[in-house]
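Please open the model in your viewer and keep the sequence panel beside it, so that each selection can be followed in both places.

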Amino acid sequence: IFTKLDTLDLGSYTFTIDAQDVATQFFNENTKGTLQYLDIHSVTSLSPVFGFERNILFTNYEALKEIKLNSEGTTISANEFKGCVALEKVEGVVKMGTAASAFEGASTAVKAQPTINMAGSVIPAKAFKDTKIKDIKVDGKVVLPTAIGASAFEGNTAIAELDLKSATTIGANAFNGATAFKGIGKNGVVTLNVATVEENSFNGTAVQRFQLKAATTVKANSLNS
């Protein structure tokens, strides 16, 4: 069913517990390679409505270009948009929480990169790994992370500037291989207030200066650039 579906407007549909079968008709293997434009802005959660086995996931929806989410926030699950290589526009607010790999490998095959508007200040593990997404905002301003998970930006070759001074934890490999990343300012500086600078945190980046305000442990290859 819906083997050629490329545009789907479900703007007023909320996906209640009684709509489980309807959801599987729209989102299944048949539409992974065809669905390009999706409006589900009335949906506030893609996870707990159905429980663990009933999450709506768009993992490897390789044709998906645009998605409209709830303007106040849509809760997503781990791997939600992982592998969505054609993703160009994400309208609405994403509530990532602990959703690891939320955008891993997304937006790699397009010139127009989406701006991700997120809620909160915690960036989960692998959230933007191996992607070209660089603009991540909260309430219209560039996100000021308070925590960054392991490999959150690993291999992300687009992220260039991000102020990390408010982060109290930054996981291993957080910016490993993020070749464009320089921190903030013309000459590039990263101010850290973490107690431990984990392995390979900034290995292979373009950072020229580090300011370590609270570090008591600096692990292997953490500041290589």
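**Before you start**

What you see is a predicted model, in which local features need pLDDT of at least 70 and side-chain atom pairs count only at pLDDT 80 or more, while totals for chains, interfaces and linings use all residues. Residues are numbered from 1 along each chain as its sequence is written, and side-chain values use heavy atoms, with hydrogens and water left out.

**Stop 1: the whole chain**

Show the chain as a cartoon, and you will find one helix and 16 strands; here helices (H or I, at least four residues) and strands (E, at least two) are DSSP runs, numbered from the N terminus. Along the principal axes, the C-alpha atoms fill a box of roughly 55 × 30 × 30 Å.

Now colour by accessibility: of the 225 residues, 46% are buried, where buried means under 20% relative accessible area, exposed over 50%, and partly exposed in between (1.4 Å probe, protein chains only).

**Stop 2: two open sheets**

Strands of a sheet pair through backbone hydrogen bonds, either parallel or antiparallel. In this tour, two strands pair if DSSP finds at least two bridges between them.

Select β1, β2, β3 and β5, which form an open sheet in that order with parallel pairing. Its edge strands are β1 (7-9) and β5 (89-91), each of which pairs on one side only. Next, zoom in on residues 66-68, which make up strand β3 and are joined to β5 by three bridges; here Lys68 stands opposite Glu91 of β5.

Move on to another open sheet, of three strands in the order β8-β11-β12, where the pairing is again parallel. The edges are β8 and β12 (169-170), each pairing on one side only. Strand β11 (residues 147-148) is joined to β12 by two bridges, and Ala147 has Thr169 in β12 as its bridge partner.

**Stop 3: a strand covered on both faces**

Which residues of strand β13 (residues 189-192) are buried on its two faces? Show the side chains, and you will find Val189 and Thr191 on one side and Val190 and Leu192 on the other, all of them buried. Strand β13 also pairs in the parallel sense with strand β15 (residues 209-212) over four bridges, and within this pairing Phe210 of β15 is the bridge partner of Val190.

**Stop 4: two loop residues with positive phi**

Select Ser107 in the loop between β6 (94-95) and β7 (116-117), where phi is near 55°, a positive value in a residue other than glycine. Is Ser107 buried or exposed? Its relative accessibility is 0%, so Ser107 counts as buried.

Then go to Lys126, in the loop between β8 (122-123) and β9 (136-138), whose phi is near 60° and is likewise positive in a residue other than glycine. Lys126 is partly exposed, with a relative accessible area of 35%.

**Stop 5: the aromatic rings**

A search of the whole structure finds 12 aromatic pairs; rings of Phe, Tyr and Trp (its six-membered ring) pair if their centres lie within 6.5 Å, and planes under 30 degrees apart count as stacked, over 60 as edge-to-face and the rest as tilted. Begin with Phe175 and Phe181, whose ring centres are 4.3 Å apart and whose planes meet at 20°, so the pair is stacked. Phe181 also forms a stacked pair with Phe202, at 6.3 Å centre to centre and 20° between the planes. This second pair links distant parts of the chain, since Phe181 lies in the loop between β12 and β13 and Phe202 in the loop between β14 (196-197) and β15, 21 residues apart. Both Phe181 and Phe202 are buried.

To finish, select the cluster that ring pairs link together, whose members include Phe26, Phe58, Tyr61, Phe128 and Phe210.
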